Amino acid sequence: MAELLRSLQDSQLVARFQRRCGLFPAPGEGLRENGADPAEGAAQAPGVGHPPAASRLQSAAVPQAYVQKYIVKNYFYYYLFRFSAALGQEVFYITFLPFTHWNIDPFLSRRLIIIWVLVMYIGQVAKDILKWPRPSSPPVVRLEKRVIAEYGMPSTHAMAATAIAFTFLISTMDRYQYPFVLRLMMAVVFSTLVCLSRLYTGMHTVLDVLGGVLITALLIVLTYPAWTFIDCLDSASPLLPVCVIVVPFFLCYNYPVSDYYSPTRADTTTILAAGAGVTIGFWINHFFQLASKPAESLPVIQSIPPLTTDVLVLGLTKFVVGIVLILLVRQLVQNLSLQVLYTWFKVVTRNKEARRRLEIEVPYKFVTYTSVGICATTFVPMLHRFLGLP
């Protein structure tokens, strides 16, 4: 078993997968593998200026401020896995989850968000507790810059994709009428593409990805009996908003200390704050009767309406209106909270490094994205009704 785990953690396994998919280090990168200076390897890489289209050289950042060159020989896999990687990033969550809430089913979006928050928090904390490194480069080609400073085990992309896909599958089984095989195929394809993209981009080992999937599967099994309780949170005690704010903020402020700065704490704060904001938003809707209450006999079997031009235009209109309002609220609250914190701690406003300080980063992120969550679940639907968007 130990030998199997070591083999699954081997960077060479990731490198072989990249080569099979047509992703290779640039010729000069071989010098680095033999111990040459990275800068020299980059300087000696031939054809960097004007390569042919079939072997165009790309750039990826590695931790040592070194621009790694690589060659793409199969652009189908390149664009497929780059797109798949985006399905596990913020751009997907900030579009798919609000779209689900505004256009498909708030009941479904609430489950997705709460399970997503739980899974991501456990995954992020596990990274900074285990402190397992990412695949070494070389031999692996790294295509992403931002998360290089984070540790590798488990893959939170794999965890989030598995959680979103299979929570969606399970939650719609008794709520919407469409073939189970289709639901299962969609969940498997979505999660598999995101998992494979983590290998293709060189950001995780096979063990990282498998660990993320297995942890998520275990969490889904353990939490499934409590999903009905989650659906009733909006009718809980009037003290719920206090608990929803205090507990996540405490977890963020006491996040495990890393050996060096990485975006993990900031990302975790963003996720927990968004989840807190959404929960408070649902509570506000229930407490002030701003939204119609679901039928008592949930789950309700519903037929999926046909996707007509009118339905598509209405959905896109509601989405654009909602995203614009969210972005405005996000920018306003972020600027205001940073200004207050800079003044309180007597920090120079233009000092961007100050944002990384614990006493500034956690409060401003938490306030900003809690506001975003409340806005998405309460004020955006109110705006939709005001504009006559059903």
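The account below begins with the whole chain and then turns to local features.

**Overall make-up**

The structure is a predicted model. Its secondary structure comprises 15 helices and 5 strands. The protein has 390 residues, and 49% of these count as buried. Among contacts between residues at least 6 apart in sequence, 76% join residues at least 24 apart. The protein exposes about 19700 Å², with carbon and sulfur atoms supplying 69% of that area.

**Helix 6 and helix 7**

The axes of helix 6 and helix 7 cross at roughly 145 degrees and come within 7 Å. On the side of helix 6, the residues that meet helix 7 are Tyr 93, Phe 96, Leu 97, Thr 100 and His 101. Their counterparts in helix 7 are Pro 106, Leu 108, Ser 109, Leu 112, Ile 113 and Trp 116. By class, this contact is made up of 8 nonpolar and 3 polar residues, with no charged residues.

**The second largest pocket**

The second largest pocket has a volume of about 1000 Å³. Its lining consists of 49 residues, and those nearest the centre are Glu 90, Tyr 93, Asp 267, Thr 270 and Ile 271. Two or more lining residues come from each of helix 6 (90–104), helix 7 (106–130), helix 8, helix 13, helix 14 (309–344) and helix 15 (358–386). The lining has 22 nonpolar, 12 polar and 15 charged residues.

| Residue | Helix | Relative accessible area |
|---|---|---|
| His 157 | helix 8 (residues 156–173) | 10% |
| Thr 264 | helix 13 (residues 264–287) | 1% |

His 157 counts as buried because its relative accessible area of 10% falls under the 20% cut-off. Leaving aside neighbours within four places in sequence, His 157 is in contact with Ala 85, Gly 88, Gln 89, Val 194 and Arg 198.

Thr 264 is likewise buried, because its relative accessible area is 1%, which is under 20%. When residues up to four places away in sequence are not counted, Thr 264 touches Gln 124, Asp 128, Glu 150 and Tyr 255.

Terms used
Residues are numbered from 1 along each chain as its sequence is written. This is a predicted model: local features need pLDDT of at least 70, side-chain atom pairs count only at pLDDT 80 or more; totals for chains, interfaces and linings use all residues. Side-chain values use heavy atoms; hydrogens and water are left out. Helices (H or I, at least four residues) and strands (E, at least two) are DSSP runs, numbered from the N terminus. Buried means under 20% relative accessible area, exposed over 50%, partly exposed in between (1.4 Å probe, protein chains only). Contact means heavy atoms within 4.5 Å. On a 1 Å grid over the protein atoms alone, a cavity is a set of points where a 1.4 Å probe fits but cannot get out, and a pocket is an open set with protein on both sides within 12 Å along at least five of seven lines; lining residues have an atom within 4 Å of a point. Grid points are joined across faces, edges and corners, and a volume is the space filled by probe spheres set on the points. Ala, Val, Leu, Ile, Met, Phe, Trp, Tyr, Cys and Pro count as nonpolar, Asp, Glu, Lys and Arg as charged, and the others, Gly among them, as polar. Accessible areas come from the Shrake-Rupley method with a 1.4 Å probe; for residues, only the protein chains shown count as cover. Axes are lines fitted to C-alpha atoms, for helices over the stretch in contact, and angles run from 0 to 180 degrees between N-to-C directions.
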